[in-house]
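Open the model in your viewer and keep the sequence panel beside it. The stops below go from one selection to the next.

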Amino acid sequence: LGRLGLLGRLGRLGRLGRLGRLGRLDRICLWASAPVAVGFALAAVGGPPEAHWSVPAWLGAGLGLSRSAGRLLRLAWVGAWLGAFASVALLVHAHHPLVPLRLDPAVRLTEGEVVAHAVGRWALPLGIAAGGGGAAGGTPVLTERYQEAALIGYHTGLPAWVLPGCGRAGQDDLWPRALPERAFFVRPARSGPPDCALAHYQVISGPHLIRGQDEAGRAVGPWQLFEVRR
């Protein structure tokens, strides 16, 4: 009831002042975007936020800005150019660091090849290079998160997917696969046994620590690799 009362007060505010003079389509854009943006902002408090959470809110915001004029339109263009500049700067910084950072977020754009090739040294058939013909016949790689599965599969050609029951539910849960008899399990490094893997497998060896440096010399990792068998 308290939440309904708050929404009612927001609705009354929306009919007052400048908001009350907005056209019908502009009001639809506002109410389609503002609650979504606020809701996802509150959901990110106290936990690691995801940048794409609020994407639905930008549909209405983009439509509203496309109909704007005057100062708001000029500010929208400034924001668009700043976003384009920041994106290009981040891509350049990922491969040619512009400033030294202790915790460099650009490493997320370069770490994939490092972890994939390290895993490939364990899982690829003897004499097969990463991404080469025959890589699909290597030992399957199971991961705790979809990020590692995607990176390993892309850079090496190895079959790689998220082990059911590991991490949060995702798209992989909609594509059930028969579990291989033998596999390598990869997760971000931490203490303790790989509980979600132990629900399906027994550990033959590991954890083997995987870490390295990207092309710019920045530290990447660590992850842990376990050899598992059913």
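Which side chain meets that of Glu148 in a salt bridge? Select Arg145: its side chain and that of Glu148 form the bridge, with 2.6 Å from N to O. A salt bridge here is a side-chain nitrogen of Lys or Arg within 4 Å of a carboxyl oxygen of Asp or Glu. Glu148 is buried at 2% relative accessibility, whereas Arg145 is partly exposed at 32%. Buried means under 20% relative accessible area, exposed over 50%, and partly exposed in between, with a 1.4 Å probe and protein chains only.

Some notes before moving on. This is a predicted model, in which local features need pLDDT of at least 70 and side-chain atom pairs count only at pLDDT 80 or more, while totals for chains, interfaces and linings use all residues. Residues are numbered from 1 along each chain as its sequence is written, and side-chain values use heavy atoms, with hydrogens and water left out.

**The whole chain**

Colour the protein chain by secondary structure: there are eight helices and five strands. Their order from the N terminus is α-α-α-α-α-α-β-α-β-β-α-β-β. Helices (H or I, at least four residues) and strands (E, at least two) are DSSP runs, numbered from the N terminus. Of the 230 residues, 28% count as buried. The chain exposes about 14900 Å², and carbon and sulfur atoms supply 64% of that area. Accessible areas come from the Shrake-Rupley method with a 1.4 Å probe; for residues, only the protein chains shown count as cover. Among contacts with a separation of 6 or more, 53% are between residues 24 or more positions apart. Contact means heavy atoms within 4.5 Å.

**Helix H7**

Select residues 146–156, which form helix H7; Gln147, Glu148, Ala149, Ile152 and Thr156 are buried there. An α-helix has 3.6 residues a turn, so residues three or four places apart point the same way. Now show what surrounds the helix: its buried residues pack against H6, strand S1 (141–143), strand S2 (160–162), S3 and S5. Gly157 follows H7 and has a positive phi, near 85 degrees.

**Two aromatic pairs**

How many aromatic pairs does the structure hold? There are two. Rings of Phe, Tyr and Trp (its six-membered ring) pair if their centres lie within 6.5 Å; planes under 30 degrees apart count as stacked, over 60 as edge-to-face and the rest as tilted. Select Trp122 and Phe184, an edge-to-face pair with 6.1 Å centre to centre and 65 degrees between the planes. Trp122 lies in helix H6 and Phe184 in strand S3 (residues 182–188), so this pair ties together parts that are 62 residues apart in sequence. Trp122 is partly exposed at 39% relative accessibility, while Phe184 is buried at 2%.

Then select Phe185 and Phe226, a tilted pair with 6.3 Å between centres and 40 degrees between planes. Phe185 is in strand S3 and Phe226 in strand S5 (residues 219–229), so the pair ties together parts that are 41 residues apart in sequence. Both Phe185 and Phe226 are buried.

**Further charged side chains**

The structure holds five salt bridges. Select Arg218 and Asp214, one of these bridges, whose closest N and O atoms are 2.9 Å apart. Arg218 is buried at 12% relative accessibility, and Asp214 is buried at 7%.

Go next to Arg108 and Glu111, another salt bridge, with closest N and O atoms 3.3 Å apart. Is Arg108 buried or exposed? Arg108 counts as exposed, at 51% relative accessibility, whereas Glu111 is buried at 11%.

Select Arg230 and Tyr201: the charged end of Arg230 sits over the ring of Tyr201, 5.9 Å from its centre. The criterion is NZ of Lys or CZ of Arg within 6 Å of the ring centre and within 35 degrees of the ring normal.

**A loop and a surface patch**

Leu124 is in the loop between H6 and S1 and is buried at 14% relative accessibility.

Finally, show the surface and select Val88, Val92, Leu98, Val99 and Leu101, which make a nonpolar patch of about 430 Å². Patches are made of residues with over 30% relative accessible area and no salt bridge: like charges are joined within 9 Å, nonpolar side chains (Val, Leu, Ile, Met, Phe, Trp, Tyr) within 5 Å. Leu101 is in the loop between helix H5 (70–95) and helix H6 (111–123), and is partly exposed at 44% relative accessible area.
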